[in-house]
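Hello,

Here is the structure I promised to pass on. My notes follow below it.

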Amino acid sequence: MILRAAFWQKILHRRVSFAVLIIALLATGFAASPLAATTKTTAKPATPPDVSNQTVFKADGHKVFAIDGDTILIDGHVFDIAGIDAPELGQQCLHDDKLQDCGLSAGMQLQKYFTMSPFPAECVLADDQRDDGSKNSGQNGKSWLRVECSIGDRDVGTAMIADGEALPIPGFSLDYDDQAKQAANAGIGLYGAKMIPPAQWRAGKRLPGEKKRCLFVGDGKGHYISSLDPRFVNYASENPPQTVCSDEEARKLGLEYLPKD
C-alpha cells in the first residue's frame with residue numbers, strides 16, 4: 001500500500017521534523033520489507049564518480065545532501081567521508097537498555113551540519129585518492145572515492161566523532177582517534193551505547209532484539225534512494241521494487257544514487 005500523498009503534504013505543511021516522516025515509515029512496516037526476489041546479487045558493481053582531475057568540490061551547505069551518516073551528495077557526485085564509519089540508517093544501538101535509532105541520528109546530524117551552517121562546504125579528495133596517473137590512482141584500489149569535508153574552519157569528520165555520531169577509521173587520523181577517546185571518556189552518543197560495528201552490521205550481525213531494517217529503496221530502474229531524501233516519499237510503499245540495507249550494498253548491486261532533477 002503506497003502512503004497517501006495527502007498524508008505527506010499535511011505533515012510537510014505543518015513543518016514537522018523529517019524524523020517524524022521516518023517514524024511514520026517505520027510504523028507502516030516498510031522497513032521490514034524483504035529484498036525483492038527479482039534483485040540480482042551478481043550485478044556489476046556501481047561505478048565510482050568520474051571526477052577526472054578535479055580534487056575540490058564546493059557547494060552551499062543547503063545544497064549538500066547526506067545520504068547516510070558518512071556519505072554525501074555534493075556537486076552532483078556521491079562520496080564517502082574519509083576517516084569515519086557511521087552506523088547504517090536502519091541500525092540501532094542499545095542505550096539505557098533501550099534500542100535507539102543511532103543510524104538515523106547520524107544521518108540527520110550530518111545533514112544538520114551542512115544545512116545549518118552559514119558557510120559553504122568544501123570537500124577535498126583524500127590524499128591517497130588524488131590522480132597521479134598510476135594504476136588505481138584516485139581510488140587507491142578502493143571501491144568508492146572518499147573526501148575530507150570542512151564547513152568554515154570545522155572539519156566534518158572531527159565533528160561527527162566528537163558528537164558521538166560516528167567511529168574513526170583506525171589509523172586514518174591521530175586527531176580523529178583522540179576525539180574518539182574524549183567522546184568515549186564522556187560517554188557521548190555511540191560511545192555511551194552498545195552497538196554492532198557498522199561493518200559487522202552490514203554483514204548481517206544484529207543486537208539482541210534488533211530487527212532487520214533496510215531504509216534505502218530501489219526504484220526498479222537502476223537507482224536507489226535514501227530515506228533521508230525528501231523524494232523518498234514518492235517511492236515508499238510496503239512492497240518497493242527493492243529494499244537495501246546500506247549504500248555499500250546498493251553499489252554492489254550495481255545501483256546508482258537517484259540523480260537530482
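Ser 173 caps the N-terminal end of H5, with a side-chain oxygen 3.2 Å from the backbone nitrogen of Asp 175. This is a predicted model: local features need pLDDT of at least 70, side-chain atom pairs count only at pLDDT 80 or more, and totals for chains, interfaces and linings use all residues. Residues are numbered from 1 along each chain as its sequence is written, and side-chain values use heavy atoms, with hydrogens and water left out.

H5 covers residues 174–186. Helices (H or I, at least four residues) and strands (E, at least two) are DSSP runs, numbered from the N terminus. Just after H5, Gly 187 takes a positive phi of about 65°.

**Gln 92**

Gln 92 lies in the loop between strands E5 (84–85) and E6 (93–95). Gln 92 counts as buried because its relative accessibility is 12%. Its side chain makes a polar contact of 3.1 Å with that of Asp 101. Such a contact is a pair of N or O atoms within 3.5 Å; within protein, one must be able to donate a hydrogen and the other to accept it, and residues adjacent in sequence count only if both atoms are side-chain atoms.

Best wishes

Key. Buried < 20%, exposed > 50% of the residue type's maximum accessible area, 1.4 Å probe, protein only. Expected span 1.5 Å × (residues − 1).
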